[in-house]
Amino acid sequence: MFAPEVLGPVVDRLVELAGGGRALEFAIGTGRVALPLAERGVQVCGIELSQPMIDQLRTKADEAAIPVVVGDMATARVPGEFHLVYLVYNTISNLLTQAEQVACFRNAARHLVPGGRFVVELWVPELRKLPPGQQAVVWESAAGYIGLDTYDVLRQQVVSHHFRFDSEGGREARVFRSPHRYIWPAELDLMAELAGMTLESRHADWTGAEFTADSRSHVSVYRV
């Protein structure tokens with residue numbers, strides 16, 4: 001995710017959407033996006049729940065350069081107003097209830113000036129790949145790695161499983177799991193409407209590729 005060919009289009013698009021104004025990153029993490037965005041002249045602030053991630057960010061930029069409020073992106077408030085609020089790499093799905101996700105949209109709207117934008121990058125649930133009775137979808141299989149998602153379609157929950165195998169025949173594996181609440185694009189649009197925002201654009205990626213029925217992810221821009 002730090003590769004220039006991946007990160008470059010993200011930063012380019014966010015610089016354009018900020019329009020010379022301040023930007024706020026929900027779940028700023030270790031600064032993967034915020035740091036190069038600040039280097040491009042955008043004043044960036046952040047909200048982050050994880051203190052260890054903030055500690056990593058502080059090894060690269062101090063509080064004066066990139067101020068960060070410790071808290072939940074659905075409720076925490078950052079002083080001032082912003083032209084852009086953004087949420088990248090599927091992070092809104094880390095909020096595990098619909099109410100929390102709606103609150104996240106409303107919190108974004110509270111921070112934005114009139115005409116400001118909220119940008120969400122999110123994957124599209126792959127339920128079309130689930131035959132009756134099957135709960136899991138393998139989304140990547142490579143040497144030493146398998147990634148799969150298990151779905152609970154009644155509760156709209158998904159758990160991502162990451163299996164990494166050793167180099168000696170795969171006799172040992174390390175497993176990492178993360179829970180999410182998946183969201184359809186149409187549901188995301190309704191959340192925006194509840195927060196007083198409307199959809200301005202939706203593309204399949206940060207370069208502006210067309211969003212289609214077969215797109216695996218989207219970058220959606222909402223405007224107050």
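I take contact to mean heavy atoms within 4.5 Å. The model I consulted is predicted.

**Entry 1. Glycine 144**

I began with glycine 144, which sits in the loop between strand S6 (136–142) and S7. Setting aside neighbours within four places in sequence, I found glycine 144 in contact with Phe163, Arg164 and Phe165. Its relative accessible area is 34%, so I recorded glycine 144 as partly exposed.

**Entry 2. Helices H4 and H5**

I next examined how helix H4 (residues 98–111) packs with helix H5 (residues 185–194); the angle is about 55° and the axes are 8 Å apart. Angles under 35 degrees count as roughly parallel and those from 65 to 115 as roughly perpendicular; H4 and H5 are therefore oblique to each other. The crossing of H4 past H5 is right-handed. On the H4 side I listed Gln98, Gln101, Val102, Phe105 and Arg106 as making the contact, and on the H5 side Glu187, Leu188, Met191, Ala192 and Leu194. Sorted by class, this contact of H4 with H5 comprises six nonpolar, two polar and two charged residues.

**Entry 3. Nonpolar cores**

I then turned to the nonpolar cores. The largest has 35 residues, and the ones with the most contacts inside it are Phe26, Ile92, Phe105, Phe118, Leu188 and Met197. At least two residues of this core come from each of strand S1 (23–26), strand S2 (44–48), strand S4 (82–87), H4, strand S5 (112–123) and H5. Apart from it I noted another core, of 26 residues, which includes Leu17, Ala61, Val88 and Trp206. In soluble globular proteins, nonpolar side chains tend to be buried together.

I followed methionine 197 in more detail. Beyond its neighbours within four places in sequence, methionine 197 is in contact with Phe105, Ala109, Leu112, Phe118, Ala192, Tyr222, Arg223 and Val224. Among these partners, Phe105 and Ala192 also take part in the contact between H4 and H5.

**Entry 4. Phenylalanine 82**

Is phenylalanine 82 buried or exposed? I found a relative accessible area of 0%, so phenylalanine 82 is buried. This residue lies in strand S4. Not counting residues up to four places away in sequence, phenylalanine 82 touches Arg22, Ala23, Leu24, Cys45, His111, Leu112 and Val113. For leucine 24, I noted a C-alpha to C-alpha distance of 6.7 Å from phenylalanine 82, although the two are 58 residues apart in sequence.

**Entry 5. Positive phi values**

I looked up two residues for their backbone angles. Most residues other than glycine have a negative phi. Tyrosine 89 has a positive phi, near 55°, and is not a glycine. I placed tyrosine 89 in the loop between S4 and H4; its relative accessible area is 46%, so tyrosine 89 is partly exposed.

Glutamine 156, likewise not a glycine, has a positive phi of about 60°. I located glutamine 156 in the loop between strand S7 (145–152) and strand S8 (157–165). With a relative accessible area of 18%, glutamine 156 is buried, since the cut-off for that term is under 20%.

**Entry 6. Glutamate 210**

Lastly, I checked glutamate 210, in the loop between strand S10 (198–203) and strand S11 (217–223). Glutamate 210 is exposed, as its relative accessible area is 65%. Residues up to four places away in sequence not being counted, glutamate 210 touches Ala204 and Ser215.

Key: Residues numbered from 1 in each chain as written. Predicted model: local features only at pLDDT ≥ 70, side-chain atom pairs only at ≥ 80, totals over all residues. Heavy atoms only, no water. Axes fitted to C-alpha atoms, helices over the stretch in contact; angles between N-to-C directions. Helix = DSSP H or I, 4+ residues; strand = E, 2+ residues; numbered from the N terminus. Parallel < 35°, antiparallel > 145°, perpendicular 65-115°, else oblique. Left-handed = near helix turned anticlockwise from the far one by under 90°. Nonpolar A, V, L, I, M, F, W, Y, C, P; charged D, E, K, R; others polar. Core = buried A, V, L, I, M, F, W, Y, C linked by side-chain atoms within 4.5 Å. Buried < 20%, exposed > 50% of the residue type's maximum accessible area, 1.4 Å probe, protein only.
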